[in-house]
Amino acid sequence: MSDHHIVFIPVDPHYLPTEDQISRAKAMLWQWMPEAEAIESAVSEYVQLHDCGSNFEYVRCHLCGQELTIPQWHFLMDQDYDLERGFGLTPQTLPCCGSVASVNQLHYSFMQGFSRFSLTAINPRTGAVSPQQTEQLQRLLGHPLLVIYCHV
Ligand SMILES: [Zn+2]
């Protein structure tokens, strides 16, 4: 049995919505996804990676477009990660073109990203959310969002 989650995270990894904004956003998701197993919000103490699971296809440099190998990407991720404070999203020299950028600026397919706040629909039994729905949710949460489709 496999699980499909839809995860919404703020574009700014440090952005935290208010309790009130979160409960309204959850109510909206329940309306769209009444058959979901659960709708969960989480706030972590530090910035975390929200990955797309087995939907992962590639990670590319956002500047030169070159695909990074998994070991190259893991190296950058390890360099950026600190047990004490999680991901720092510190600019580093990229192996492809020598540009300096953080792991949060790279292009991921499927989408994945970094944040403290996340709102997750567990097995929503729906397809992709529409741009209009994302916009409504962004208005409720007061911040632009990334939508991550995670298959585990
Ligand atoms: Zn590059």
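Four donors count as tetrahedral if all angles lie between 85 and 135 degrees; four count as square planar and six as octahedral if opposite donors are over 155 degrees apart and all others between 65 and 115, and anything else is irregular. Donors are N, O and S atoms within 2.8 Å of the metal (3.2 Å for Na, K and Ca), and sites may look incomplete, since water is not among the atoms.

The model is predicted: local features need pLDDT of at least 70 and side-chain atom pairs count only at pLDDT 80 or more, while totals for chains, interfaces and linings use all residues. Residues are numbered from 1 along each chain as its sequence is written, and side-chain values use heavy atoms, with hydrogens and water left out.

**Zinc site**

The zinc ion has as protein donors the SG atoms of C61, C64, C96 and C97, at 2.3 to 2.4 Å. The angles among the four donor atoms are 102 to 116 degrees, and the site is tetrahedral. The donor residues follow the spacing C-x2-C-x31-C-C in sequence. C61 is in the loop between β3 (58-60) and α2 (70-80) and C96 in the loop between β6 (92-93) and β7 (100-101), so this pair ties together parts 35 residues apart in sequence. Helices (H or I, at least four residues) and strands (E, at least two) are DSSP runs, numbered from the N terminus.

Buried means under 20% relative accessible area, exposed over 50%, and partly exposed in between (1.4 Å probe, protein chains only).

| Donor residue | Relative accessible area | Class |

**Helices**

In α3 (residues 131-141), Q133, T134, L137 and L141 are buried. These residues cover an arc of only 100 degrees around the axis, so they sit on the same side of α3; the arc is that of the directions from the helix axis to the C-beta atoms. P131, Q132 and R139, on the other side of α3, are exposed.

The buried residues of α2 are W73, L76, M77 and D80. Their arc around the axis is only 100 degrees, which puts them on the same side of α2. Exposed on the other side of α2 are P71, F75, D78 and Q79.
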